Amino acid sequence: ERLHSVFQPIFATHALETPFAHECLIRASDEQGNTITPDRLFGAAQSADLIFQLDRAARAANVRNAHNAGLGSNLFINFTPSSIYDPASCLRSTIEVVNDCGLNRNDIVFEVIETEKVTSVDHLGAILKSYRDSGFRVALDEVGSGYSTLNMLPQLRPDIIKIDRELIDHVDQDRYKQAIVGNLTALARDLDIEVVAEGIERREELD
């Protein structure tokens, strides 16, 4: 009961006044109310072999917390693919929470975190297919941070890709980054994939 969420706004470039979507980020509190950071939280779960239980609880908490905050549409919910052994069973518990909150499945995007650490593309593909077949959308994060992510696209077929923030940082001053980002967005356009750029901090990067 001490899991809570913060919400990172995502804006459409043509409408910067109102958030288009929100990424739900899990946080926790200790018994004194102090914040436990995600790296400590998931590090402890990893060492205790409880990463599956924490990942499932975090997904449920993020859905509920977003609903309680009045954020019912275009929610990005992170999950760790290495924590999912049985996609159908995992999905069942998530769907129960979504249904309890009365949310539209198409308004929820399940985002694969740590894409670069995926050991089985076939397993991840089966997970993403089960989410899509159930009416959800799926996203890959940190695209462009390594060749393997691009290599996964034909098998994973995401609805959304998130361009790694390292490529966005001072992209206006680096023609190599500009070429890579330009090619990624052109590729996504050809494949009907939406693009999110992570970590835009400066007007020049937005332009």
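I took buried to mean under 20% relative accessible area, exposed over 50%, and partly exposed in between, with a 1.4 Å probe and protein chains only. Strands (E, at least two residues) and helices (H or I, at least four) are DSSP runs, numbered from the N terminus.

I noted that this is a predicted model, in which local features need pLDDT of at least 70 and side-chain atom pairs count only at pLDDT 80 or more, while totals for chains, interfaces and linings use all residues. Residues are numbered from 1 along each chain as its sequence is written, and side-chain values use heavy atoms, with hydrogens and water left out.

**Strand S4**

I looked up S4 (residues 75–79) and found five of its five residues buried, so the strand is largely enclosed by the rest of the structure. Leu75, Ile77 and Phe79 point one way from S4, whereas Phe76 and Asn78 point the other way.

I then checked its pairing, counting two strands as paired if DSSP finds at least two bridges between them. S4 pairs in the parallel sense with S2 (residues 21–29) over three bridges, and Ile77 is the bridge partner of Cys24. With S5 (residues 108–112), S4 pairs in the parallel sense over five bridges, and there Phe79 stands opposite Val112.

**Cysteines**

I searched for disulfides, each a pair of cysteine sulfur atoms within 2.5 Å, and the count came to zero. Cys24 is in no disulfide, as the nearest cysteine sulfur, that of Cys101, is 11 Å away. Cys24 is buried at a relative accessible area of 1%, and Cys101 also counts as buried, at 11%.
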